[in-house]
Amino acid sequence: MTTARPPLSARNPQAYGFAVTVLGVLFFFPDALVVRLIDADTMTIAVWRGIAAATTTFFGLALFGRSSLPNWRELLRWPSLAMIFLQGVGSVFFLASLGQTSAANALLILATAPFIAALLSWAILRERIDTPTWCAIFTVFAGVGIIGAGSLGGGHLSGDLFALANAAAIATYYVVIRMAPAGNLMPSIALGYLLTSVIAYPFAPMAPLDTNQIALIFISGGVILAGGCALLQIGPRYLPAAEVSMITMLEIIAGPVLVWLFIGENPGMKTLFGGGVILVAVTAHTLLKLAQSQRGQPA
């Protein structure tokens, strides 16, 4: 009689977390491209994308996570309500940014989220920000300023602001997770998808969609958003924050590249320069934190 081999999450938690996190980020690689290919009003996309993501997530919970579902009293506590709200408005901001600025601007500005989270943790949780992180914060926002300067003449500044608002929503989401007790967050996230639809509906013309558009919306919401978010609720629990930041950078780079390759969307020189400043700052900060963690210093 042979003993069952323990799962990878028990044998090598870091390898398991790395694999699941990379897979979750890979889900999001084509997201901006798929939204562009839908070629419809972004608020109409938001309505149907939210419904698709919520339906897939609730179906998955019914099949695989019924035993860990929270009761309604838990869903009405402030951490759950905060996550529902942040998921709802964050998706609206993301799609609004894609509708009013380039995919490169929308994704590169998202790189500010971990540093906004650091500022919020400093202000709310009284967590200390070390000198390298302060340097990275100032450098990243300098890069955002360069991107914004490039958008002033092209009328895309509102889209950049929506992208920054999305980054702030994601950052607040990180802080709420830190403050909330451990539990199954997917029901709150699924309700957040539905809130996206509710928020976007008054602003959506709801023009008829053809079969290709419907299929692409399901891919964006029911596969990319629902699948990617589910995986990114699991993987990062097993990894240091610096490693998670490095892995999520892959989407920030790959998303605009895919849109450029398949659609030919040119983000402009200032976006490329400002994005380069952001990526250098994030990469340097992440590598420094990884080196500190390997030496056993606090990251």
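Helix 4 and helix 11 cross in a left-handed manner (left-handed if the near helix is turned anticlockwise from the far one by less than a right angle, right-handed if clockwise). Helices are DSSP runs of H or I of at least four residues, strands are runs of E of at least two, and both are numbered from the N terminus. Helix 4 spans residues 42-64 and helix 11 spans residues 186-200. Their axes come within 7 Å and cross at roughly 160°. Axes are lines fitted to C-alpha atoms, for helices over the stretch in contact, and angles run from 0 to 180 degrees between N-to-C directions. Helix 4 is therefore roughly antiparallel to helix 11 (under 35 degrees counts as roughly parallel, over 145 as roughly antiparallel, 65 to 115 as roughly perpendicular and the rest as oblique).

The model is predicted; local features need pLDDT of at least 70, side-chain atom pairs count only at pLDDT 80 or more, and totals for chains, interfaces and linings use all residues. Residues are numbered from 1 along each chain as its sequence is written, and side-chain values use heavy atoms, with hydrogens and water left out. pLDDT is the predictor's confidence in each residue, from 0 to 100. The protein chain averages 86, and 89% of the residues score at least 70. Confidence is highest in helix 3 (residues 31-38), at a mean of 96. Confidence is lowest in helix 1 (residues 8-11), at a mean of 69. Where pLDDT is low, the predicted coordinates should not be read in detail.

The protein chain holds 14 helices and zero strands. Buried residues make up 45% of its 299 residues. Buried means under 20% relative accessible area, exposed means over 50%, and partly exposed lies in between (1.4 Å probe, protein chains only). Contact means heavy atoms within 4.5 Å. Of the contacts with a separation of 6 or more, 89% join residues 24 or more positions apart.

The crossing is right-handed. Helix 4 brings Ile45, Trp48, Arg49, Ala52, Ala53, Thr56 and Thr57 to this contact. Helix 12 brings Ile217, Phe218, Ser220, Gly221, Gly222, Leu225 and Ala226. The residues divide into eight nonpolar, five polar and one charged.

Helix 9 (residues 131-152) and helix 10 (residues 157-179) pack at about 155°, with their axes 8 Å apart. The two are therefore roughly antiparallel. Phe141, Ile147, Gly148, Ser151 and Leu152 in helix 9 meet Leu157, Asp160 and Leu164 in helix 10. Five of these residues are nonpolar, two are polar and one is charged.

Ile147 also touches Gly274. Gly274 lies in helix 14 (residues 269-294). At 0% relative accessibility, Gly274 counts as buried. Leaving aside neighbours within four places in sequence, Gly274 is in contact with Gly143, Ile146 and Ile147. Gly274 and Ile146 are 128 residues apart along the chain, yet their C-alpha atoms are separated by 5.0 Å. Glu74 belongs to helix 5 (residues 72-75) and is partly exposed, at 34% relative accessibility.

Helix 3 is mostly covered, with six of its eight residues buried. These are Asp31, Ala32, Leu33, Val34, Val35 and Ile38. Asp39 follows helix 3 and lies in the loop between helix 3 and helix 4. Asp39 is exposed, with a relative accessible area of 64%. Most residues other than glycine have a negative phi. Asp39, not a glycine, has a positive phi of about 55°. Met206 likewise has a positive phi, near 55°. Met206 sits in the loop between helix 11 and helix 12 (211-232). At 26% relative accessibility, Met206 is partly exposed.

Technical notes: Ala, Val, Leu, Ile, Met, Phe, Trp, Tyr, Cys and Pro count as nonpolar, Asp, Glu, Lys and Arg as charged, and the others, Gly among them, as polar.
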